[in-house]
Amino acid sequence: MKKGKFKSVYEAGNSVYSKLTVAYFKYTGGDNDLGIVISKKVGNSVVRHRYTRLIREVFRLNKEHLPAGYDIIVIAKRSIVGKSYAEIEDDFFRLIHAFEKYGRHEKVADKDD
């Protein structure tokens, strides 16, 4: 995802929070697009890259569960350190549940504009 898309999702998108991550999303009508942000506060580059790969893999294997047409930015919290793939995947499903509540309302609002 490019810098301009990140900015538009942050400014105009909604957000949902979980124990391990924060997700911003904006309805665009195209394919789902994923951006991942992991601060240096989480760890060194090896640690950050590991969690980037885990988040990307969770998204790839479970993207059919997401509503179509959204740009999504996932921001990892410090609490992600030491978590396994299964724990990150559980967190992803909690985000999807919260995301679906917001997503239905946002999609209807965007169509009216």
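Two strands count as paired when DSSP finds at least two bridges between them. With that in hand, welcome to this predicted model.

**The sheet**

Strand S1 and strand S2 (residues 21-27) are joined by four bridges and run antiparallel. Within this pair, Ser 15 is found opposite Tyr 24 of S2. Both strands belong to an open sheet of four strands, ordered S1-S2-S4-S3, in which the pairing is mixed. S1 (14-17) and S3 (33-38) are the edge strands: each has a single partner strand, so one side of each has no neighbour in the sheet. From one strand to the next, the twist averages 20°. As background, strands of a sheet pair through backbone hydrogen bonds, in parallel or antiparallel fashion.

Here are the strands with their residue ranges:

| Strand | Residues |
|---|---|
| S1 | 14-17 |
| S2 | 21-27 |
| S3 | 33-38 |
| S4 | 70-76 |

**A helix across the sheet**

Helix H2 (residues 45-62) lies across S3 and S4, and runs at about 155° to S3.

Now over to helix H3 (residues 85-112), which contains Asp 91. Is this residue buried or exposed? Its relative accessibility is 2%, and since buried means under 20%, Asp 91 counts as buried. Leaving aside residues up to four places away in sequence, Asp 91 touches Ser 18, Lys 19, Leu 20 and Thr 21. For Leu 20 there is also a distance to look at: its backbone nitrogen lies 3.4 Å from a polar atom of the Asp 91 side chain.

Conventions
Residues are numbered from 1 along each chain as its sequence is written. This is a predicted model: local features need pLDDT of at least 70, side-chain atom pairs count only at pLDDT 80 or more; totals for chains, interfaces and linings use all residues. Side-chain values use heavy atoms; hydrogens and water are left out. Helices (H or I, at least four residues) and strands (E, at least two) are DSSP runs, numbered from the N terminus. Axes are lines fitted to C-alpha atoms, for helices over the stretch in contact, and angles run from 0 to 180 degrees between N-to-C directions. Contact means heavy atoms within 4.5 Å. Buried means under 20% relative accessible area, exposed over 50%, partly exposed in between (1.4 Å probe, protein chains only). A polar contact is a pair of N or O atoms within 3.5 Å; within protein, one must be able to donate a hydrogen and the other to accept it, and residues adjacent in sequence count only if both atoms are side-chain atoms.
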